Amino acid sequence: MSFSAAALEGTKTEQYTQLTQQASALVAGESDRIANAANISALVYHALAEVNWVGFYFFDGTELVVGPFQGRPACVRIALDKGVCGAAAKTGETQRVPDVHTFAGHIACDAATRSELVVPLYDGQRLIGVFDLDSPAVDRFDADDQSGLEAVARVFVDSVRA
């Protein structure tokens, strides 16, 4: 493997374009979901400022189960009717929560987390899981972060298609 992460430069949009390109290069030719989730988690965790958790939860047919991540130990299982991750999985819509203390049913895996962004991972109509990012800063994630991280999530989904 000859991958090398480079520092992100330019506007936020340009930085997310670079991050998406790096994610694509990182998973090129690999279809294993654990390997790709682990590498994308590490890439994003180290590329973005003010994040304290970046990772994946995979749908096992009943609930979300923690997958590869970077950060403090996490909740292992999340029901689809619980928390920000469950909301993203159940609705199929990205959840961007400026202050998790105002989100009814938020699951506090890390008490330091103040804002969260969760992208649902679907292959067509089939739920794969979610891509979850937490931050200790209130209102850390904006619309540019959301569209950029949705693009990174698409790279992951495309890499594991059977």
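How many residues does helix α2 have, and how far does α2 reach from its first C-alpha to its last? I looked this up in the model, which is a predicted one. Helix α2 covers residues 33-47, which is 15 residues. Its reach is 21 Å, close to the 21 Å expected at 1.5 Å a residue.

**Start of α2.** I checked what sits at this end. A side-chain oxygen of D32 comes to within 3.0 Å of the backbone nitrogen of I34.

**Buried side of the list.** Which residues in α2 are buried? I noted N36, A37, I40, S41, L43 and V44. Next I looked up their partners.

**Whole chain.** I then listed the elements. The protein chain has four helices and six strands. From the N terminus on, I read the order as α-α-β-β-β-α-β-β-β-α. The radius of gyration is 15 Å, close to the 15 Å that the globule rule gives for 162 residues, so the chain is as compact as a globular protein of that length. The C-alpha trace spans about 40 × 35 × 25 Å along its principal axes.

Buried residues make up 45% of the 162 residues. For contacts with a separation of 6 or more, I noted that residues 24 or more positions apart account for 51%. The chain exposes about 7,800 Å². Carbon and sulfur atoms supply 49% of that area.

Notes. Residues numbered from 1 in each chain as written. Predicted model: local features only at pLDDT ≥ 70, side-chain atom pairs only at ≥ 80, totals over all residues. Heavy atoms only, no water. Helix = DSSP H or I, 4+ residues; strand = E, 2+ residues; numbered from the N terminus. Expected span 1.5 Å × (residues − 1). Buried < 20%, exposed > 50% of the residue type's maximum accessible area, 1.4 Å probe, protein only. Polar contact = N/O pair within 3.5 Å; in protein donor to acceptor, adjacent residues only side chain to side chain. Rg over C-alpha atoms; globule rule 2.2 N^0.38 Å. Contact = heavy atoms within 4.5 Å. Areas by Shrake-Rupley, 256 points an atom, 1.4 Å probe, with all protein chains shown as cover.
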